[in-house]
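Me: I am new to this structure and would like to understand the terms used for it. Could you go through it with me, setting each value against its definition?

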Amino acid sequence: MFMADLITQAEERRITLSALWLEQQAQQLEMRPEAILEEMSARLAVMRRARDEGLSRLARSPSGLSGGDAAKITGGGLLGELETAALRFAIAIAEHNAVMGKIVACPTAGSCGIVPACLLAAEETLGLDDGALSLSLLAAAAVGQAAAENAMIAGAAGGCSAECGVAAAMAAAALTELRGGTPGQCGHAAAMALKAVLGMSCDPVAGLVEVPCIKRNGFGALNALAAAHMALCDVESTIPLDEVISALKQIGQILSPKLKETSQAGLAATPTGERVRERVKSL
């Protein structure tokens, strides 16, 4: 599956990317479109609960590495209302994941905060309804499917750009569609979001999906917002999305195994990272 084909079909038929993906998924899965949208709405409900529980839980995770940071993030600083909400929600959901809370892996558990944070922040600040959000999840899903089929979405295979990078691309496409962007603009947004983090290592401290993963979810949400904003302003990606995904695959294959979720290099191998690992091992 290639995004260029989907985008071309959607634009020729003058429908949204999500409408085309819904149609194709209904045929492939032999499901009614309404049933698929109901499933998307149910996943949105899980996302909302993960956000709310992540914000209300102030205790640290069993490792002591995370917990309570999302609640510290408030407005009045350098970011606007939408950006602050997205940052806060992304970290809250990722913190919820760290304590084994129920999340939606989109596309993975380690990057679970990015897509929900962007959509729920848009819901809260822009007044979007559940139906629009459910449809936008399908636009995100199309990008995620293309990355899964043509590259990878696991940090163990391609580094963090395969997780947080793909999640940011998915969120950027969804946000662009939510704000009335064309299928082509959705593709440019996704491409720009993924390009921004190509080659990012997966180097979790002590082998846990907490440091630096949780805060990377926050940055991933802001990356998606910036990419969507640029696309909606008619800024285009020089490299098409399918080619960016191909680059993701190539870079992932070249990246050292020490930087692909093995915790043998990068942040995990810093003096502090080593001390944390020893402390966690003794728990």
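This is a predicted model: local features need pLDDT of at least 70, side-chain atom pairs count only at pLDDT 80 or more; totals for chains, interfaces and linings use all residues.

Me: Why does H96 count as buried?

Reply: Buried means under 20% relative accessible area, exposed means over 50%, and partly exposed lies in between, with a 1.4 Å probe and protein chains only. The relative accessibility of H96 is 7%, and therefore H96 counts as buried.

Me: What does H96 touch, not counting residues up to four places away in sequence?

Reply: Contact means heavy atoms within 4.5 Å, and by that rule H96 touches A50, E53, G54, G101, K102 and I103. A196, on the other hand, is 100 residues from H96 in sequence, and the two are 26 Å apart in space, C-alpha to C-alpha.

Me: Why are helix 9 and helix 11 called oblique to each other?

Reply: Axes are lines fitted to C-alpha atoms, for helices over the stretch in contact, and angles run from 0 to 180 degrees between N-to-C directions. Angles under 35 degrees count as roughly parallel, over 145 as roughly antiparallel, 65 to 115 as roughly perpendicular, and the rest as oblique. The axes of helix 9 (residues 164-178) and helix 11 (residues 213-232) come within 8 Å and cross at roughly 40 degrees, so the two helices are oblique to each other.

Me: Which residues make the contact, and how do they divide by class?

Reply: Helix 9 contributes C164, A168, A171, A172, L175 and T176, while the residues from helix 11 include R216, N217, G220, N223 and A224. Ala, Val, Leu, Ile, Met, Phe, Trp, Tyr, Cys and Pro count as nonpolar, Asp, Glu, Lys and Arg as charged, and the others, Gly among them, as polar; on that basis the contact of helix 9 with helix 11 has 11 nonpolar, four polar and one charged residues.

Me: How do you know that the span of helix 9 agrees with its number of residues?

Reply: The expected span of a helix is 1.5 Å times one less than its number of residues. For the 15 residues of helix 9 that should give 21 Å, and the end C-alpha atoms are 21 Å apart, so the two values agree.

Me: What makes helix 6 mostly covered?

Reply: In helix 6 (residues 114-126), 10 of the 13 residues are buried, among them I114, V115 and P116. What covers the buried residues of helix 6 includes helix 3 (33-56), helix 5, helix 7, helix 9 and helix 11.

Me: Why is helix 2 called roughly perpendicular to helix 7?

Reply: The axes of helix 2 (residues 17-29) and helix 7 (residues 130-150) come within 8 Å and cross at roughly 75 degrees, which means that helix 2 is roughly perpendicular to helix 7. In this pair, L17, S18, W21 and L22 of helix 2 meet L135, L138, A139, A141, A142 and Q145 of helix 7.

Me: Is S18 buried or exposed?

Reply: The relative accessible area of S18 is 1%, so S18 is buried.

Key: Residues are numbered from 1 along each chain as its sequence is written. Side-chain values use heavy atoms; hydrogens and water are left out. Helices (H or I, at least four residues) and strands (E, at least two) are DSSP runs, numbered from the N terminus.
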